[in-house]
Amino acid sequence: MPDNVNLTIDDREVTAPRGETIFLAARRAGIDIPHLCYDPDLGLEPTSSCRLCLVEVEGARTPVPACSYPVAPGMVVRTETPSLSQHRRMVIELALSDHPHDCLTCEKAGACALQQYAYDLGVKEPRFGAADVAVEPVQDGPAIVYDRSKCILCGRCIQVCHQVQVSGAIDFLGRGFETQIGLPPGVARDDSGCAECGNCLDVCPTGALAYVGATGHGRAWEFQQVRTICPYCGCGCTIVLNIHNGRIVAVTGEPGLGVSGGLLCVKGRFGADFIGHSERLRTPLVRKDGELVPATWDEALALVAGRLGDIRDRHGPDAVAGLSSAKTTNEENYLMQKFMRAVVGTNNVDHCARLCHASTVAGLARAFGSGAMTNSIADLEQADVIFVIGSNTTECHPIIGAAIKRAVRFGKTRLIVADPRVIELAEIADLHLQHRGGTDVALANALIHVILKEGLEAKAFIADRTEGFEDLRRAVQPYTPDFAAKITGVPAEKIVEAARLYATAPAASIIYSMGITQHTTGTDNVLALANLAMVTGNIGRPGTGVNPLRGQNNVQGACDMGALPNVYTGYQAADDAAVRAKFEKAWGVRLPSTPGLTVVEIIHAAAEGKVKALYCLGENPMLSDPDLAHVEQALKALDFLVVQDIFLSETARLADVVLPAASFAEKDGTFTNTERRVQRVRKALPPPGEAKPDWKILSDLARRMGYAMEYPDPSAIQDEIVSLTPSYAGITYDRLESGSLQWPCTGRDHPGTPILHKDRFTRGRGKFHAIEFIPPKELPDAQFPFLLSTGRILQHFHTGTMSRRSEVLDRLVSVGAIEIHPHDAASLGVADSQPVRVASRRGEITIQARVTDRVAPGTLFLAFHYRESPANRLTIAALDPVAKIPEFKVCAVRVEPSDAAEP
Ligand code: SF4
Ligand code: SF4
Ligand code: SF4
């Protein structure tokens with residue numbers, strides 16, 4: 001039982017936990033105490049500086065600040081008295097004394113706390129007159145403008161930046177009337193640590209901080225607000241689209257709500273304007289005389305139905321393949337795989353999970369029985385140790401990155417980072433293991449070797465809940481710290497230190513991402529991490545687990561929906577006769593029994609003429625797949641290519657037919673985030689021109705191909721998913737209206753599952769695997785002496801289809817760059833920002849050099865977002881033999897200065 005106290009607030013009996021503040025106790029009782037410097041919903045600490053929340057407590061000599069004063073038994077509090085009102089009027093009058101009284105034209109009018117309190121308290125003419133407040137607003141960076149004259153120095157922006165975002169970029173500057181908010185003097189924005197998240201914007205109670213793009217486009221009371229889910233990464237933050245005159249004017253967080261509690265990153269906040277971009281596809285396009293020209297839906301769908309049907313009938317269903325999309329909804333992914341299986345008759349359906357986390361699905365399913373994040377984002381703060389390996393979390397999953405920073409800075413958590421680059425988290429880590437790319441198994445095996453040698457393993461857990469331990473013990477025997485040091489480049493003593501730190505923590509969590517999965521040994525890497533967690537018993541409890549961070553907004557959902565060649569929804573095996581029979585009965589057709597092809601296999605099969613038609617829904621293999629020259633050759637070899645997308649992507653340019661689709665903001669549905677959380681996506685705007693939601697296009701196409709796949713709306717599709725998918729059986733639209741649910745959720749009364757494998761693993765016992773280190777497929781040599789790794793940056797996303805059409809995001813980083821160590825740059829005679837030519841055995845690009853010691857000597861890092869310098873012209877299509885994921889993280893290249901004009 002919590003230790004509660006009873007008190008009286010404004011003559012109401014209130015019960016509150018001991019230690020809670022008067023402010024929070026009052027709020028729970030429905031009493032809102034005026035405040036300016038405090039924002040509890042975003043977790044800000046009270047500073048009691050604005051003095052607006054003063055309340056009277058019987059027996060106290062003076063009024064006390066409600067935001068920081070704790071409740072006590074029998075306390076009698078008054079929040080509204082004549083004397084308090086007089087005091088509050090004084091606070092507001094003082095604030096208005098050096099504040100312009102321009103509410104008529106202020107962007108914040110209607111949503112300004114100062115304006116509201118002035119109204120509530122009847123402050124009409126501030127007694128103190130207005131000081132000279134003529135200061136020009138300052139815009140530093142592409143998104144945010146600061147108007148010092150409207151700043152009441154409440155400090156909320158500084159607090160959110162330091163305490164929640166943990167960037168620490170801004171502070172109070174100057175003294176007295178000159179005091180303002182800003183970056184420290186002499187610090188350039190790029191060096192300030194500012195992540196451009198705009199969370200300072202959201203917490204500002206006045207018009208002092210404003211979003212440049214919203215200026216002149218309406219004010220709060222004019223906005224229609226639609227709550228939905230961010231279309232970028234797998235964190236799945238709740239965003240609010242503020243709509244006016246048919247356009248998204250601004251994106252805001254909703255304090256206290258959703259995965260991030262209202263916090264957003266730069267992409268979520270400023271990256272939604274791609275929706276209104278002039279290049280959105282508005283009509284279907286068909287190729288005539290070599291050109292893509294506008295066509296009617298009737299013409300385009302007739303052509304697609306005819307050609308897909310014809311190729312299926314003449315060459316067999318397996319001559320057709322489909323790529324589904326991790327950007328579209330669960331309902332649409334469900335329909336896409338149903339279309340390929342029930343209408344075309346093939347299991348050739350896959351999507352970009354193959355390129356990012358196929359090894360997670362394969363590896364964790366083998367070790368635990370379920371291939372998904374074991375724990376929840378929220379329980380990270382309960383971890384005593386977080387081991388981040390192969391995840392540049394603050395750039396790729398910024399909200400989780402901020403949560404890790406908070407746990408380390410303000411909590412009990414200690415941090416181990418294993419990454420070939422000096423990523424931001426490495427700078428605050430207790431230990432940074434800067435291992436060579438592709439040596440993860442050697443590192444994990446060495447950690448386990450030390451744990452076993454020192455007797456730090458969880459003996460009871462191993463005995464009670466796992467199998468195969470002796471195989472593991474034998475396998476890690478040779479991986480002494482000295483042996484692993486030679487492979488990984490990590491000093492032996494650091495390996496020992498990391499092993500002790502991880503193994504002795506009461507709760508230790510592993511976070512990983514594509515640095516682990518995108519290898520020819522991706523599945524082995526995942527299995528090695530599963531071994532590490534099980535050997536220390538770090539599974540099934542808060543703050544523990546093996547937690548793959550999924551890349552795209554709905555890549556988890558696309559997998560869950562069976563947009564994979566070997567499984568139906570909820571990972572029900574496609575080669576299981578009973579499963580197939582269940583789906584045959586529900587869908588009313590015979591279903592294929594032969595296994596389907598994966599993404600890269602589809603491309604190979606296209607090049608060989610085995611796959612003759614490709615239906616590409618929202619994917620962009622012409623930038624996303626390895627070895628682009630080969631991809632282009634393969635796509636051009638197809639008899640028929642249909643692309644369904646929101647923009648004319650690099651792949652769509654090669655298509656025979658292009659179908660214009662609705663974006664995430666123009667349809668209803670659900671996304672499933674990285675922690676298996678299913679959330680509602682809501683329609684805020686109509687699609688542009690004749691564009692339609694993907695589910696509608698699929699339905700129309702199926703009908704033309706002679707199969708009825710009709711639904712009145714996405715909720716009807718979800719009903720079908722629920723009926724066929726045990727892990728989604730309780731996830732219905734009516735339940736999602738009031739919140740979100742984490743699968744498995746096996747019935748209407750099931751609350752969802754924040755932590756997997758609590759008492760037993762999904763497969764029964766957790767299985768150890770004996771994993772040997774295998775080097776990457778292509779290592780540097782005399783001809784190609786550098787090791788190239790590819791990945792994401794904070795400001796952009798995947799092939800840039802969306803983020804590069806966002807004004808703010810593209811202005812933040814408009815050109816690509818390749819990171820090169822200063823020693824290598826010096827020996828090649830390359831200066832920072834100079835163009836270089838980078839070549840591999842498969843192709844070459846020209847790109848700007850960024851000289852930085854974030855990368856180790858002999859290694860390079862290149863972001864894959866830029867069509868002008870496509871990273872995948874260089875990468876190798878070597879595959880993990882189990883998961884068929886390509887080795888994006890390691891290939892060999894050479895670099896030389898380029899005479900080309902700057903790219
Ligand atoms: S944009 Fe984000 S990181 Fe930059 S100052 Fe504001 S809160 Fe801090
Ligand atoms: S800019 Fe806004 S949030 Fe920051 S101190 Fe000024 S008024 Fe407060
Ligand atoms: S962290 Fe991911 S989901 Fe959240 S706002 Fe940023 S891109 Fe969107």
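Colleague: Which elements do the buried residues of α23 pack against?
Modeller: This is a predicted model. Helix α23 spans residues 599-607, and its buried residues are Val 599, Val 600, Ile 602, Ile 603, Ala 605 and Ala 606. These residues pack against β16 (320-323), β17 (349-350), α9 (353-356), β24 (613-617) and α25 (628-637).

Colleague: Which residue just after α23 takes a positive phi?
Modeller: Helix α23 covers residues 599-607. Just after α23, a positive phi of about 85° is taken by Gly 609.

Colleague: Is Ser 85 buried or exposed?
Modeller: Ser 85 sits in helix α2, residues 82-97. Beyond four places in sequence, Ser 85 touches Glu 80 and Leu 121. The cut-off for burial is under 20% relative accessible area. Ser 85 has 16%, so it counts as buried.

Colleague: Which residues have the most contacts inside the largest nonpolar core?
Modeller: In soluble globular proteins, nonpolar side chains tend to be buried together. Here the largest nonpolar core has 80 residues. Those with the most contacts inside it are Leu 241, Ile 248, Ile 404 and Leu 415.

Colleague: What is Leu 415 in contact with, leaving aside its neighbours within four places in sequence?
Modeller: Leu 415 is one of the residues with the most contacts inside the largest core. Its contacts beyond four places in sequence are Ile 386, Val 388, Ile 404, Val 408, Leu 425, Ile 428, Ala 429, Asp 430 and Leu 431.

Colleague: How many residues are in the second, separate core?
Modeller: The largest core holds 80 residues. The second core is separate and includes Val 385, Ala 418, Ile 495 and Met 534. Its residue count is 57.

Colleague: Which are the edge strands of the open sheet of five strands?
Modeller: The strand order is β20-β19-β18-β22-β23, with parallel pairing. An edge strand pairs on one side only. That gives β20 (431-433) and β23 (546-548).

Colleague: How many residues of β35 are buried?
Modeller: Strand β35 covers residues 859-863 and is mostly covered. Thr 859, Phe 861 and Ala 863 point one way, Leu 860 and Leu 862 the other way, and all are buried.

Colleague: Which residues stand opposite Phe 861 of β35?
Modeller: Strands of a sheet pair through backbone hydrogen bonds, either parallel or antiparallel. Strand β31 (residues 786-791) pairs with β35 in the parallel sense over five bridges. Strand β32 (residues 817-820) pairs with β35 in the antiparallel sense over three bridges. Opposite Phe 861 stand Ser 789 and Glu 819.

Colleague: How does the shell around ligand 1 divide into nonpolar, polar and charged?
Modeller: The residues around ligand 1 are Cys 161, Ser 167, Ile 170, Cys 194, Ala 195, Glu 196, Cys 197, Gly 198 and Cys 200. Cys counts as nonpolar and Gly as polar. The shell divides into six nonpolar, two polar and one charged.

Colleague: Which residues come nearest to ligand 2?
Modeller: There are 14 residues around ligand 2. They divide into 11 nonpolar, two polar and one charged. Nearest come Cys 151, Cys 154, Gly 155, Cys 157 and Cys 204.

Note on methods: Residues numbered from 1 in each chain as written. Chains lettered and ligands numbered in written order. Predicted model: local features only at pLDDT ≥ 70, side-chain atom pairs only at ≥ 80, totals over all residues. Heavy atoms only, no water. Near = heavy atom within 4 Å. Pairing = 2+ DSSP bridges. Helix = DSSP H or I, 4+ residues; strand = E, 2+ residues; numbered from the N terminus. Buried < 20%, exposed > 50% of the residue type's maximum accessible area, 1.4 Å probe, protein only. Core = buried A, V, L, I, M, F, W, Y, C linked by side-chain atoms within 4.5 Å. Contact = heavy atoms within 4.5 Å.
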